Amino acid sequence: MSDTVTLRPRDWDSHPPYIHPEYKSTVLRGPTKPLLPMKDKLRQLRAPVYGHDAIGALDHDLTRNAAKNGAPLGERIVVTGRVLDERGRPVRNTLVEIWQANAAGRYVHKVDQHDAPLDPNFLGAGRTLTDSEGRYKFYTVKPGAYPWGNHPNAWRPNHIHFSLFGEYFASRLVTQMYFPGDPLLALDPIFQGTPERARDRLISQFTLDVTEPDFALGYVFDIVLRGPNETPMETPR
């Protein structure tokens, strides 16, 4: 039996370039020489497994997984969706991780010195595995906008970072989820760096079907790994 995997070519025109001048740090960090492809056997190594077997009961619930003396401040939300392959089939047992700023727009990180309060009951990170239908679900608070110094009066839109690990060593997708109707999207070089026809794939959809009465507003964000509707990655090439 062959150990090769046949996949459709990626739709590179849906992804942002490594270097997007309006996003200034890409000019400093983006590669300027051709990338070296990994050998197939190295790319397909099934280790490490990235902690698939060590998911805690509250890892998916950012409103509780770091609570010390109360609930975190902010607007509670549910974020759910499905991870799908190029043919719309569910991708099961995939590790999904998220990280985000708190409701005031600040990360729990020493580099983040934004003059906004930290929340002692909010870490801003979580993880879960997709189920048999490729579905994931997180409880969290809506992240705040924050200044980021890319250009004068620059503010990042509300967003949540997503990371997905497959079963192979090099199979990782990193992207960002945005919220509908955010006026900062039109001004954000990171979002605008994604080709226009693919930008809507980065915006979640509000729905009452996911909203939990008297508790949290619901947003749906499906992630497609390949094909004509694939979710744009942050560094695809």
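Tutor: This is a predicted model. Start with pairing: two strands pair if DSSP finds at least two bridges between them.

Student: How many bridges join strand S2 to strand S7?

Tutor: Strand S2 (residues 95-99) and strand S7 (residues 159-165) are joined by 5 bridges and run antiparallel. Take Ile98: its bridge partner in S7 is Phe162.

Student: Which order do the strands of the open sheet have?

Tutor: The order is S3-S2-S7-S8, 4 strands with antiparallel pairing. S3 (125-129) and S8 (172-178) each have a single partner strand, so one side of each lacks a neighbour in the sheet. From one strand to the next, the twist averages 20 degrees.

Student: Now the core. Which residues touch the most other members of the largest nonpolar core?

Tutor: A nonpolar core joins buried residues through side-chain atoms within 4.5 Å. The largest here has 21 residues, and Val79, Val96, Tyr136, Ile160, Phe162, Leu164 and Met177 touch the most other members. Strands S1 (76-84), S2, S4 (135-141), S7 and S8 each give two or more residues to this core. Apart from it lies another core of 6 residues, including Tyr178 and Leu202.

Student: What does Val96 touch?

Tutor: Leaving out residues up to four places away in sequence, the contacts of Val96 include Val83, Tyr136, Phe138, Phe162 and Leu164.

Student: Which residues does the UniProt domain annotation cover?

Tutor: The unreviewed UniProt entry places "Intradiol ring-cleavage dioxygenases" at residues 79-107. That stretch is 0% helix and 38% strand, and its end C-alpha atoms are 19 Å apart.

Terms used: Residues are numbered from 1 along each chain as its sequence is written. This is a predicted model: local features need pLDDT of at least 70, side-chain atom pairs count only at pLDDT 80 or more; totals for chains, interfaces and linings use all residues. Side-chain values use heavy atoms; hydrogens and water are left out. Axes are lines fitted to C-alpha atoms, for helices over the stretch in contact, and angles run from 0 to 180 degrees between N-to-C directions. UniProt positions are given in the numbering used here, feature names are shortened, and annotations may be inferred rather than shown by experiment. Buried means under 20% relative accessible area, exposed over 50%, partly exposed in between (1.4 Å probe, protein chains only). Contact means heavy atoms within 4.5 Å.
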